[in-house]
Structure formats: C-alpha cells, structure tokens
Amino acid sequence: MAGCGTSPSTSEPPAPTSEAVQVSTAHNAADVMYLQMMIAHHGQGLELVGLAGTRAQQGEIRTLAAAVQATQDDEVTMMRSWLDTWSKPAAVDHDPAAHAEHGGLPATGPEQIAALRDAAVTDFDRSFINLFVAHQHNAVEMSQWAEERGENPEIRDFARRVRESRADQIAQMLAYLNS
C-alpha cells in the first residue's frame with residue numbers, strides 16, 4: 001500500500017513469489033478454516049474494490065482499491081496453492097455450526113454490496129469507506145484468531161501480515177473520512 005493515499009507507513013503483505021508460495025505440511029483445522037474463510041472474504045473484498053475502482057470520486061480511494069485488488073488477487077492464488085498442497089478444498093463451509101467456535105463466518109452481505117453498487121455518486125466514496133472499514137475489520141479479527149489457533153508457521157505469519165496490513169488500511173481509510 002506504499003504510495004496509496006497519504007499514509008506512507010501503510011503496507012501490504014509482499015506479493016507472493018515462488019518461494020513464498022511454499023508451505024510446510026504441518027497444519028491443523030484452524031489453518032485450513034482460516035484460508036477457506038479468507039478466500040471467501042477476499043472474494044467479497046474484490047467485489048467491493050472493483051466497484052471503488054470504477055465509481056470512487058477521490059483518486060486516493062481508486063488507488064487504494066487498485067492496490068488492494070492486486071494484493072488480494074495474489075493472496076487468493078497463494079492461499080489456494082496452500083490448500084491444494086494439503087489436498088483441502090478452497091470452498092468455505094457455510095454451516096453456521098462450523099464457525100461457532102470463533103463467532104461465526106464474517107461476511108459482507110450481498111445486500112450491503114448491492115446497496116454500495118446502487119449508491120448515488122455523491123455518496124459512493126463515504127459509503128465505500130464505511131463498508132470497507134467494517135469488511136477489513138473482519139479480516140483483522142479472523143487473522144488474529146488464526147495467529148492464536150493455527151499450527152502452521154507460514155499460515156500464522158501470513159495471518160499476522162494480513163492483520164497488520166488491514167489495520168493499516170483501516171487507519172488510512174479513517175483518515176480519508178476525517179479529511
């Protein structure tokens with residue numbers, strides 16, 4: 001996220017390289033669930049930033065959206081490869097009981113995405129920021145859970161980087177709202 005907006009300290013996890021995509025075989029159910037949930041979560045985020053990329057009025061919001069899109073596209077590829085390594089599906093289990101231990105499956109609902117899609121031009125930027133702050137807060141919470149419960153060191157490190165970068169994005173977006 002360096003170069004996005006006015007916050008030079010905001011950072012994203014580095015784009016995966018062939019070395020970064022490697023993951024050890026040791027893992028537990030929390031590692032798998034985290035990756036599956038984050039793939040679904042990224043899908044929603046990509047929908048949101050896709051809208052911002054074409055509808056946002058402020059250049060820094062369009063820049064933020066482009067940076068998030070590039071990062072999350074790479075992260076989805078990496079997470080899918082990790083799940084493939086373990087022969088686990090990428091699809092998340094939508095049964096609420098499967099997510100009871102950690103408070104449910106965080107999601108930006110289709111109604112919220114539709115409302116953003118239909119927002120008036122004059123309301124879009126503020127609506128996007130408000131919705132995306134909440135969306136990224138869910139990523140912070142899921143990542144903190146994975147750091148605490150995961151077994152795989154690469155997944156725990158990835159979760160830490162996601163938690164930190166999304167917290168930085170939240171701070172950046174809140175600064176946009178206050179300017």
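Which side-chain oxygen reaches to within 2.8 Å of the backbone nitrogen of Glu-154 at the start of α5? In this predicted model, the oxygen belongs to the side chain of Asn-152.

Helix α5 itself comprises residues 153–178. Its 26 residues should span 38 Å at 1.5 Å a residue, and the end C-alpha atoms are 38 Å apart, which agrees.

The partner of α5 considered next is helix α4, residues 121–149. Two packed helices are described by the angle between their axes and the distance between the axes. For α4 and α5, the angle is about 155° and the axes are 8 Å apart. Angles over 145 degrees count as roughly antiparallel, and α4 and α5 are therefore roughly antiparallel to each other. Their crossing is left-handed. The residues of this contact comprise 14 nonpolar, six polar and six charged ones.

A pair of aromatic rings is described by the distance of the centres and the angle of the planes. The structure contains four aromatic pairs; one of them joins Trp-82 and Phe-158 in an edge-to-face arrangement, with 5.5 Å from centre to centre and 85° between the planes. This pair links distant parts of the chain, since Trp-82 lies in helix α2 and Phe-158 in helix α5, 76 residues apart.

Helix α2 covers residues 59–85. From its first C-alpha to its last, α2, with 27 residues, reaches 39 Å, close to the 39 Å expected at 1.5 Å a residue. Just after α2, Ser-87 adopts a positive phi of about 55°.

How values were computed: Residues are numbered from 1 along each chain as its sequence is written. This is a predicted model: local features need pLDDT of at least 70, side-chain atom pairs count only at pLDDT 80 or more; totals for chains, interfaces and linings use all residues. Side-chain values use heavy atoms; hydrogens and water are left out. Axes are lines fitted to C-alpha atoms, for helices over the stretch in contact, and angles run from 0 to 180 degrees between N-to-C directions. Helices (H or I, at least four residues) and strands (E, at least two) are DSSP runs, numbered from the N terminus. Angles under 35 degrees count as roughly parallel, over 145 as roughly antiparallel, 65 to 115 as roughly perpendicular and the rest as oblique. A crossing is left-handed if the near helix is turned anticlockwise from the far one by less than a right angle, and right-handed if clockwise. Ala, Val, Leu, Ile, Met, Phe, Trp, Tyr, Cys and Pro count as nonpolar, Asp, Glu, Lys and Arg as charged, and the others, Gly among them, as polar. The expected span of a helix is 1.5 Å times one less than its number of residues. A polar contact is a pair of N or O atoms within 3.5 Å; within protein, one must be able to donate a hydrogen and the other to accept it, and residues adjacent in sequence count only if both atoms are side-chain atoms. Rings of Phe, Tyr and Trp (its six-membered ring) pair if their centres lie within 6.5 Å; planes under 30 degrees apart count as stacked, over 60 as edge-to-face and the rest as tilted.
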